[in-house]
Amino acid sequence: MRTFSVFALSSLAEGTPVTLLEAMACGTPVVATGTGGSGEFLDDEVNCLLFTPGDAADLCAKMAWAEDHPERMLAMGEAARRHHQRELTGEAGYRRLMQIYREAIDAPAPP
């Protein structure tokens, strides 16, 4: 995965694909639809390029743009890697869960 110039995920419906998380962890630039769970952490032109689900012409256009702009794609791949490290690791999930528990414990009891 680290040797890819771009990782393309053309699924019409996915939960949170492990291959997408792997690409992000490696800093591999991503072109995807942002459907399903991945739409919550993919940010178009920040850490990926998004294309319209089911639109082959849009996918082709995004892949052509990616080929013509390797520096921007590398920057998006690096942004994806940083986001993954900050928000999508097991440790990050644990921190979020503990925060939820703390908030629930600290919340006033209902009358």
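Does Thr33 count as buried or exposed? Keep in mind that this is a predicted model. Thr33 has a relative accessibility of 9%, and because the cut-off for buried is under 20%, Thr33 counts as buried.

Where does that residue sit? Look in the loop that runs between strand S2 (30–32) and strand S3 (49–50), and you'll find Thr33 there. Its side chain has a couple of polar partners. One is the backbone oxygen of Ser11, which the Thr33 side chain reaches at 3.1 Å. Another is the side chain of Thr35, joined to that of Thr33 by a polar contact of 3.1 Å. If you set aside the neighbours within four places in sequence, Thr33 touches Leu9, Ser10 and Ser11, and also Leu50, Phe51 and Pro53.

Strands of a sheet pair through backbone hydrogen bonds, either parallel or antiparallel. Here the sheet is open, has three strands in the order S1-S2-S3, and its pairing is parallel. Strand S1 (7–9) and S3 are the edge strands, each pairing on one side only. Zoom in on S1 and S2: they run parallel and are joined by three bridges, and Ala8 stands opposite Val31 in S2. Helix H1 (residues 18–26) packs on this sheet, where it touches S1 and S2, and its direction makes about 155° with that of S1.

On to the helices further along the chain. Two packed helices are described by the angle between their axes and the distance between the axes. Take helix H2 (residues 56–68) and helix H3 (residues 70–88): they pack at an angle of about 100°, with axes 5 Å apart. That makes H2 roughly perpendicular to H3. On the H2 side the contact is made by Trp65, Ala66, Glu67 and Asp68, which meet Pro70, Arg72, Met73 and Met76 in H3. Sort the residues of this contact by type and you get five nonpolar, three charged and no polar.

What about H3 and helix H4 (residues 90–106)? Their axes come within 6 Å and cross at roughly 45°, so H3 and H4 are oblique to each other. The residues that meet are Arg86, Glu87 and Leu88 in H3, and Gly90, Ala92, Arg95 and Arg96 in H4. This contact divides into four charged residues, two nonpolar and one polar.

Terms used
Residues numbered from 1 in each chain as written. Predicted model: local features only at pLDDT ≥ 70, side-chain atom pairs only at ≥ 80, totals over all residues. Heavy atoms only, no water. Helix = DSSP H or I, 4+ residues; strand = E, 2+ residues; numbered from the N terminus. Buried < 20%, exposed > 50% of the residue type's maximum accessible area, 1.4 Å probe, protein only. Polar contact = N/O pair within 3.5 Å; in protein donor to acceptor, adjacent residues only side chain to side chain. Contact = heavy atoms within 4.5 Å. Axes fitted to C-alpha atoms, helices over the stretch in contact; angles between N-to-C directions. Parallel < 35°, antiparallel > 145°, perpendicular 65-115°, else oblique. Nonpolar A, V, L, I, M, F, W, Y, C, P; charged D, E, K, R; others polar. Pairing = 2+ DSSP bridges.
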